[in-house]
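Hi,

Here is the structure I promised to pass on.

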Amino acid sequence: MTRPCPSCGEEAEGKFCAGCGAPLEGATCLACRAPLTPGAKFCHRCGTRAGAGAAAATAPAASGVGNALPWAVAAIALLALIALAAGQRFGRGPQPQAPLSSLTGSPLGGGARAPDISSLSPEERAERLYDRIMGAAERGRVDSVQFFMPMAMQAYAALGTLNADQRYDMGRLAEVAGDPGIAGAQADSILREQPQHLLGLLLASLAARMRGDEVEARRFLERLSRAETAERRKQLPEYLLHQSDIDAALAGWRQQGGR
């Protein structure tokens with residue numbers, strides 16, 4: 001039985017649209033077998049592009065390893081921190097309990113330690129780690145980015161349902177980490193609920209550029225430019241928080257001849 005594709009509108013049948021590859025009702029990710037939302041471009045669990053089909057279907061073992069890798073890195077980092085704390089405690093004898101900042105601090109930044117986040121809410125912890133990683137990326141501190149990235153991704157995953165601002169932040173972290181799949185999945189989630197959302201369009205453009213698809217990146221920037229006036233009137237809090245990102249993207253687009 002044919003039905004309109006929720007992504008391109010063409011008549012389609014089966015579990016994936018033959019025209020654009022978007023999933024139809026009942027489709028599952030061929031990489032991790034998670035159920036896909038009709039019209040989604042990426043799997044919201046593992047970031048695999050919807051309809052990426054043959055490659056994902058023929059390499060389930062490789063996909064599983066790829067999906068488990070971030071958690072393995074996080075587990076190794078956690079075990080290393082526990083071992084370091086235990087060694088310091090037994091080496092110095094009984095000491096007052098150290099704050100959480102002593103565990104999350106890193107000598108990677110010239111001896112500076114992370115602020116104590118033990119008393120923060122889950123949202124505040126995620127935001128604090130986001131600011132630290134983005135600041136390290138701007139300074140070219142690749143070692144600090146790699147050190148804190150597993151903690152940040154776990155912090156955002158612990159939030160459960162994310163709002164548009166949190167999805168954009170998670171997508172930017174994925175961009176810094178060089179993962180276009182997660183960045184694209186977060187952009188897709190934002191645009192599925194709000195098709196003209198400026199941060200969703202901006203993040204989708206960044207993800208496309210990371211994949212080397214400059215045509216699609218420019219297409220999203222063009223949509224961003226067209227939606228700017230109406231969307232800015234909404235004065236959404238996330239637009240104010242990331243105003244510099246939006247302004248920079250639009251300025252670059254217009255410098256390249258966009259209108």
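Predicted model: local features only at pLDDT ≥ 70, side-chain atom pairs only at ≥ 80, totals over all residues.

Residues are numbered from 1 along each chain as its sequence is written, and side-chain values use heavy atoms, with hydrogens and water left out.

Salt bridges

Aspartate 245 pairs with arginine 172 in a salt bridge, 3.0 Å from N to O. The term covers a side-chain nitrogen of Lys or Arg within 4 Å of a carboxyl oxygen of Asp or Glu, and by this rule there are ten salt bridges. Aspartate 245 sits in helix H11 (residues 243-255) and arginine 172 in helix H6 (residues 164-177), so this pair ties together parts 73 residues apart in sequence. Helices here are DSSP runs (H or I, at least four residues), numbered from the N terminus. Arginine 172 is buried, at 14%.

Glutamate 228 and arginine 232 make another salt bridge, also given as N to O, at 3.0 Å. They are four residues apart in helix H9 (residues 214-233), so about one helical turn separates them. Glutamate 228 is buried at 13%, while arginine 232 is partly exposed at 26%. Both belong to a salt-bridge network that links Glu228, Arg232, Asp247 and Arg254.

Then there is glutamate 214 with arginine 209, at 2.7 Å from N to O. Glutamate 214 is partly exposed at 35%, and arginine 209 is partly exposed at 35%.

Nonpolar cores

A nonpolar core is a set of buried Ala, Val, Leu, Ile, Met, Phe, Trp, Tyr and Cys residues joined through side-chain atoms within 4.5 Å. The largest one has 25 residues, and those with the most contacts inside it are Tyr168, Leu198, Leu201, Leu224, Tyr239 and Ile246. At least two residues each come from H6, helix H7 (180-193), helix H8 (198-210), H9 and H11. H8 gives the largest share, eight residues. Apart from this core lies another, of 18 residues, including Tyr130, Met149, Leu159 and Leu162.

Histidine 197

What does the side chain of histidine 197 make a polar contact with? Its partner is the side chain of glutamate 238, at 2.8 Å. (A polar contact is a pair of N or O atoms within 3.5 Å; within protein, one must be able to donate a hydrogen and the other to accept it, and residues adjacent in sequence count only if both atoms are side-chain atoms.) Histidine 197 lies in the loop between H7 and H8 and is buried, at 0%.

Aromatic pair

A search of the whole structure turned up one aromatic pair. Phenylalanine 147 and phenylalanine 148 form it, edge-to-face, at 5.0 Å centre to centre and 80° between the planes. Rings of Phe, Tyr and Trp (its six-membered ring) pair if their centres lie within 6.5 Å, and planes under 30 degrees apart count as stacked, over 60 as edge-to-face and the rest as tilted. Phenylalanine 147 is partly exposed at 26%, whereas phenylalanine 148 is buried at 3%.

Cheers

How values were computed. Buried < 20%, exposed > 50% of the residue type's maximum accessible area, 1.4 Å probe, protein only.
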